[in-house]
Amino acid sequence: MLGNFSIGDYFKEEAIIWAWEFLTDKKWIGFDPERLSVTVYPEDEEAFKLWHEKVGLPENRIVKLEDNFWDIGEGPCGPCTEIFYDRGEAYGNDPSDPELYPGGENERYLEVWNLVFSQFNHNKDGSYTPLPNKNIDTGAGLERFASILQNVESNFDTDLFQPIIQQTAALAGVKYNEKPEYDVALKVIADHIRTVAFAVGDGVLPSNEGRGYVIRRLLRRAVRYGKVLGLDKPFMYNLTKTVGDIMGVYYPEVVEKREFIEKVIATEEEQFHKTLSDGLNILADISAQAKEQGRTEISGSDAFKLYDTYGFPFDLTEDYASEHGLTVDREGFDAAMKEQRERARAARHETESMKVQGGVLSDYTVKSDFVGYNDTVHEAKVLAIVSGDGFVDQAGEGQSCQVILDATPFYAESGGQVSDQGIFEGNGVRARVEGLFKAPHGQHVHLVIVEAGELKVNDTVKAEVDREKRQSIIKNHTATHLLHKALKEVLGEHVNQAGSLVEPQRLRFDFSHFGSITPEELANIERRVNEQIWKGTAVVIEHKSIDEAKAMGAMALFGEKYGDIVRVVQVGDYSLELCGGCHVENTSQIGIFKLLGESGIGSGVRRIEAVTGRYAYEFTEGQVDLLKQSAGLLKSNLQDVPKRIEALTQQVKEISRENESLQGKLSAIEAGQLADRVVTAGNTRLLAAEVQAGSMDALRTVADELKGKMPDTVIVLGAVTGDKVNFVVAVPQELVKQGLHAGKIVKEVAAVCGGGGGGRSDMAQAGGKDASKIADALKRAEELVAEAV
């Protein structure tokens, strides 16, 4: 998608004339003007006149369509005009076809450009009012341009897609344009691998939320279409090189990061193949349950749960059901899908970037400066006070309000760094600053509670940041920069920041990385950060143009927005990043850096938590105290604690082995004593008894002993461990053939004790929560066997 946009600048006339020039001028795209037609909104006479009088299009090539109004509900909206290219009679020449016109459902007229004129606000009450700032939103199709210029049928027949399609076809042993279903699969795969390769190269990794979820769904959809082509093993990662061959000239990162992109895609493919296997097992249980209940249909809710929770495709659910004589409730599935989309749409609506132009601070443009990089105390004038839904002149004692100063030393939360806290004082007023946020026009808005006096507009106050907290924050912030570089050095250049939290007590750093991190690697990372602290390197902060900063090699973070002039934070020759946060002047001020822990928080995303300065000292002291306590309990000196623990561990292993041996002997004795407790249930021998067994393994051992002594007997054993109970059921193969199923029996037996479980037809186990009902459960086993036979 190509686009040009205007927010309150050029509007309808310029956008239309420039679009036409770009499409028809030989310097640019060079389309034949005689092949272009446009559509407009019937009430948009201005657009009609511009096309007819300024551009010179005849009236018969300006089509008025009611659908040409862009409106997604509450928020900016307006008419649009679309430009269509006539591909010729080969794509449609039936004069009786009611859809054969620009904007109709046909193959002949191809939309290549759409201009949206956002000139109205769709209000809550359904009315429309003119926007104070009118906007241009353009959408144009790059591949559509290419398909016309290369004279091919579709985007997928251009040189942007064909190499990927041909490679996929070769991997699958099929041909493009051989079967319609193959062509669809090849096109989907080509489209999705390009999207995924770019996104992963930009730092987006497959996950279960946000943009990562989009990538995961695209990858899995492509893998499913691979199955249509007979590709049952990971293959998508092999296409990454071809994407780089096509796009690498303009997007070198796809080539430079190819190895990492391939690894991410291959890992995700392998995980999805496992998901498909797990999904089949769950589906087998659902199908068996449906048949037991006399149903011939898998419910829509079950199909949707498989799809949404486990990523199991609906079409595979249908195929499996059909193979087992069942159908799937498609309407129920669609209803569940619709509900999910409505929930997602409602959630998006809350955070949509294009919201109604309004709100108390949206039109507040009075300048407010941030002076907190150099000062933590500043005499400032109160410019505005907001309370409730509007501006007020003053706020009294005990009142919460939002305050804007003409200049402030308080940092407003952004870039992972939390807001400053502190106080306002002056003219008999004292107010506590608990946090800040940035207003739509960039002012720092203080969240204030007035503790004494009255805070008034135009008052002069001393704004004072809590220095102790700020000092702890800046130590942690500079430490995240050092940590980011150390991670790249130890784990690889593919590591990129995926999120951070910088607060006084600790820092949290999320980053992209597939696979776990070894203790040795973590120690190396921590050591490298501390080495930079010990060097006492100056932290130099400069303002540069964005191009100059990137030329210096400064790291720009994915998802962050940067202006033309950026703030470059440089730590010697070690770290160079774009950052708007607050930092120490010298790395020695950080004191010490200590890792608290490392974990995975999603597919391909790891998290490190750490402390610096005073908090690192306190953490280390706490660890030393624990070590001293451990030494005391072990009656050992500090240096010998590991050896003492190792010796005790070995003793425990030896005792455990002896215990297991004794348990086995006791199990054999008990098994022999249980032989006289066999009863007849129906015409089947049954042993249903409570035994002594400290674990599930021990209980299975008793069952195995009994199976050897009583090969023709159904065995149901229960054992209490604490306040819980374990069950094991064993059914001879001859009785399995007659319909007895150990998994079904143990499931119902455990249910009596508030538990559950299952297993094979000949052997199964389960657990229960209420040990007091073990006798009732064993009696239920006798009833089940009698009923079954």
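Select Phe314 and Phe333 to begin: Phe314 is buried in this predicted model, and Phe333 is buried as well. The rings of Phe314 and Phe333 form an aromatic pair of the tilted kind, with 4.3 Å from centre to centre and 35 degrees between the planes. Because Phe314 belongs to helix H11 (residues 314–323) and Phe333 to helix H12 (residues 330–351), the pair ties together parts that are 19 residues apart in sequence. When you compare such pairs, keep in mind that two aromatic rings are described by the distance of their centres and the angle of their planes.

Now show the whole of helix H11, and ask which of its residues are buried. In H11 these are Phe314, Thr317, Tyr320 and Ala321. They lie on the same side of H11, because the arc they cover around the axis is only 120 degrees. After H11 comes Gly325, which has a positive phi, near 70 degrees.

Next, return to the aromatic rings, of which a search of the whole structure finds 22 pairs. Select Phe509 and Phe511, both of which are buried; their rings form a stacked pair, at 6.3 Å centre to centre and with 25 degrees between the planes.

Then move to Tyr373, where Arg567 lies over the face of the ring, at 3.5 Å from its centre.

The next stop is Thr81, which has its place in strand S5 (residues 75–86). Is Thr81 buried or exposed? Its relative accessible area is 1%, so Thr81 counts as buried. Display its side chain together with the backbone of Thr39: a polar atom of the Thr81 side chain lies 2.7 Å from the backbone oxygen of Thr39. If residues up to four places away in sequence are not counted, Thr81 touches several others, including Ile16, Val38, Trp51, Asn68 and Phe117.

Select Asn177, in the loop between helix H4 (162–172) and helix H5 (180–201), which has a positive phi of about 65 degrees although it is not a glycine. Asn177 has a relative accessibility of 59%, so it counts as exposed. Then select Asn458, in the loop between strand S19 (455–456) and strand S20 (460–465); Asn458 is not a glycine either, and its phi is positive, at about 80 degrees.

Finish by colouring the chain by pLDDT, which has a mean of 90 over the chain, with 96% of the residues reaching 70 or more.

Key. Residues numbered from 1 in each chain as written. Heavy atoms only, no water. Phe/Tyr/Trp six-rings, centres within 6.5 Å; stacked < 30°, edge-to-face > 60°. Helix = DSSP H or I, 4+ residues; strand = E, 2+ residues; numbered from the N terminus. Buried < 20%, exposed > 50% of the residue type's maximum accessible area, 1.4 Å probe, protein only. Lys NZ or Arg CZ within 6 Å of the ring centre and 35° of its normal. Polar contact = N/O pair within 3.5 Å; in protein donor to acceptor, adjacent residues only side chain to side chain. Contact = heavy atoms within 4.5 Å. Arc of directions from axis to C-beta. pLDDT = per-residue confidence, 0-100.
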